[in-house]
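Keep the viewer open as you read.

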Amino acid sequence: MKHTLPPLPYGYDALEPYIDARTMEIHYTKHHQTYVDKLNAALEKYPDLQGRPVEELLKDLTGLKVDEADRIAIKNHGGGHLNHSLFWTYVDPANKKDELLSKEVISTFGSLDEFKKQFSDSAAKLFGSGWTWLVRDGKTSKLEIKNFPGQDSPITAGQAPIFCLDVWEHAYYLKYQNKRPDYINAWWSVLKLI
Ligand code: MN3
């Protein structure tokens, strides 16, 4: 079984003007597709792993019986595949506000504005390429804002994904160039979950 690009349930222009159609098209059909293809290539030698969901591979990353180079490839490209699959669902224009989550965010961070400020700061400060996440910690069950470098998945670190922001330059460069804070600001307009 090969991993495949999940269908995008909305048009490339659905997040305009905040995230432009050209960026969405390239991000989904080129960047995400490449992670899928390279994950499949990394699993070629391991037929017993090919049927396992990418979440399982990433949760059990250190326990996989694979060569070290392939473990790194599964981490990077499996992470890239899962991160993008989740990212597309979090910004789905059909999403509604999650009242329970919003209440928990307010009780954890003080207010929605304070949460957004902390999350935006974290995303702005992330050095190089990576993702900023709202996660639920596996041990404390508390909500936390976390940066992960590259395509590392919170799942590998024992944290449950709530939502995320892709701060790789490929996610915003065409429209925002070096102005990452403008992209972060715009992204709040397409995140309807809180
Ligand atoms: Mn990306």
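**A cavity and its lining**

Helix 1 gives the most to the lining of the largest cavity, with three residues. This is a predicted model, in which local features need pLDDT of at least 70 and side-chain atom pairs count only at pLDDT 80 or more, while totals for chains, interfaces and linings use all residues. Residues are numbered from 1 along each chain as its sequence is written, and side-chain values use heavy atoms, with hydrogens and water left out.

Rolling a probe the size of a water molecule over the atoms shows where empty space is left. Here a cavity is a set of points, on a 1 Å grid over the protein atoms alone, where a 1.4 Å probe fits but cannot get out, and lining residues have an atom within 4 Å of a point. Grid points are joined across faces, edges and corners, and the volume is the space filled by probe spheres set on the points. By this rule the count comes to one cavity of 30 Å³ or more, and the volume of the largest cavity is about 30 Å³. Ile19, Thr23, Met24, His27, Phe87, Trp88, Ala171 and Tyr183 line the largest cavity. Helix 1 and helix 3 are the elements that give two or more residues to this lining; helices (H or I, at least four residues) and strands (E, at least two) are DSSP runs, numbered from the N terminus. By class, the lining has six nonpolar, two polar and no charged residues. In this scheme Ala, Val, Leu, Ile, Met, Phe, Trp, Tyr, Cys and Pro count as nonpolar, Asp, Glu, Lys and Arg as charged, and the others, Gly among them, as polar.

How do the helices pack? Two packed helices are described by the angle between their axes and the distance between the axes. The axes of helix 1 (residues 21-42) and helix 3 (residues 68-90) come within 8 Å and cross at roughly 145 degrees. Axes are lines fitted to C-alpha atoms, for helices over the stretch in contact, and angles run from 0 to 180 degrees between N-to-C directions. On the helix 1 side, the contact (heavy atoms within 4.5 Å) includes Met24, His27 and Tyr28, and on the helix 3 side it includes Phe87 and Trp88. The residues of this contact divide into ten nonpolar, nine polar and two charged. Helix 1 passes helix 3 in a left-handed crossing, meaning that the near helix is turned anticlockwise from the far one by less than a right angle, whereas clockwise would be right-handed. In the segment before helix 1 you will find Pro17, and the peptide bond from Glu16 to Pro17 is cis, with omega near 0 degrees.

Helix 5 (residues 112-125) and helix 7 (residues 180-187) have axes that come within 10 Å and cross at roughly 145 degrees, in a right-handed crossing. Here Phe119, Ser120, Ala123 and Ala124 in helix 5 meet Arg180, Ile184 and Trp187 in helix 7.

Three strands form an open sheet in the order 2-1-3, with antiparallel pairing; two strands pair if DSSP finds at least two bridges between them. Strand 2 and strand 3 (159-166) stand at the edges with a single partner strand each, so one side of each is left without a neighbour in the sheet. Seven bridges join strand 1 (residues 130-137) to strand 2 (residues 143-149), and Val135 has Glu144 in strand 2 as its bridge partner. Seven bridges also join strand 1 to strand 3, where Leu134 is partnered by Phe163. In the loop between strand 1 and strand 2 sits Ser141, whose phi is near 65 degrees, a positive value in a residue other than glycine. Finally, helix 4 (residues 99-109) lies across strand 1, strand 2 and strand 3, running at about 90 degrees to strand 2.

Terms used: 1 Å grid on protein atoms, 1.4 Å probe; cavity = no way out; pocket = protein on both sides within 12 Å on 5 of 7 lines; lining within 4 Å.
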